[in-house]
Amino acid sequence: MKIGIIRCRETENYCPGTTDFKSLKIKSGSFSTLEGELELVGFVSCGGCPGKDAVLRAKELVRRGAECIAFASCIKKGVPIGFPCPNADHMIEAVRKAVGAQVKILETTH
């Protein structure tokens, strides 16, 4: 399965995505729910508050082959900055609606 990850732009200075990539590689965290081999096709930010670019970027990840969009744990859990995105649920639902039911959505990565 091909995966696209959307991360919080506010955490880019703190986190290079190492745990997201490791979780994908060893199929832990939310990735443990997926079958078969996993391949990362893109790692992008939400575009900044309030996540206005997440829909556009999710569509582009799907256009480039993503069968699953995973929201990095920084969005829902607030790691490493200790501040979850106040727009997370709205952003995730907007992406879910935009990409359709055929694209799996993971709300966290690890």
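## Pairing of β1 and β3

Strands β1 and β3 run parallel and are joined by 4 bridges. This description concerns a predicted model. Within this pairing, I6 stands opposite F71 in β3.

Strand β3 comprises residues 68–71, and both of its faces are covered. C68 and A70 are buried on one side, while I69 and F71 are buried on the other. In a regular strand, side chains alternate between the two faces of the sheet.

## The sheet as a whole

The open sheet is formed by 4 strands in the order β2-β1-β3-β4, with parallel pairing. Strands β2 (39–45) and β4 (104–106) stand at the edges; each has a single partner strand, so one side of each is left without a neighbour in the sheet. On average, neighbouring strands of this sheet are turned by 20° against each other when direction is ignored.

The bridge partner of I6 in β2 is V44.

Which strands does helix α1 touch? This helix, made up of residues 18–26, packs on the sheet and touches β1 and β2. The direction of α1 makes about 160° with that of β2.

## Helices α2 and α4

Two packed helices are described by the angle between their axes and the distance between the axes. For helix α2 (residues 54–63) and helix α4 (residues 88–99), the axes come within 9 Å and cross at roughly 40°. The helices α2 and α4 are therefore oblique to each other. The crossing in which α2 passes α4 is right-handed.

On the α2 side, the contact is made by A54, V55, A58, K59 and V62. The residues contributed by α4 are M91, A94, V95, A98 and V99. By class, this contact has 9 nonpolar residues, 1 charged residue and no polar residues.

## Residue R63

R63 and V99 are 36 residues apart along the chain, and their C-alpha atoms are separated by 9.8 Å. V99 is also one of the α4 residues that make the contact with α2.

Methods: Residues numbered from 1 in each chain as written. Predicted model: local features only at pLDDT ≥ 70, side-chain atom pairs only at ≥ 80, totals over all residues. Heavy atoms only, no water. Pairing = 2+ DSSP bridges. Helix = DSSP H or I, 4+ residues; strand = E, 2+ residues; numbered from the N terminus. Axes fitted to C-alpha atoms, helices over the stretch in contact; angles between N-to-C directions. Contact = heavy atoms within 4.5 Å. Parallel < 35°, antiparallel > 145°, perpendicular 65-115°, else oblique. Left-handed = near helix turned anticlockwise from the far one by under 90°. Nonpolar A, V, L, I, M, F, W, Y, C, P; charged D, E, K, R; others polar. Buried < 20%, exposed > 50% of the residue type's maximum accessible area, 1.4 Å probe, protein only.
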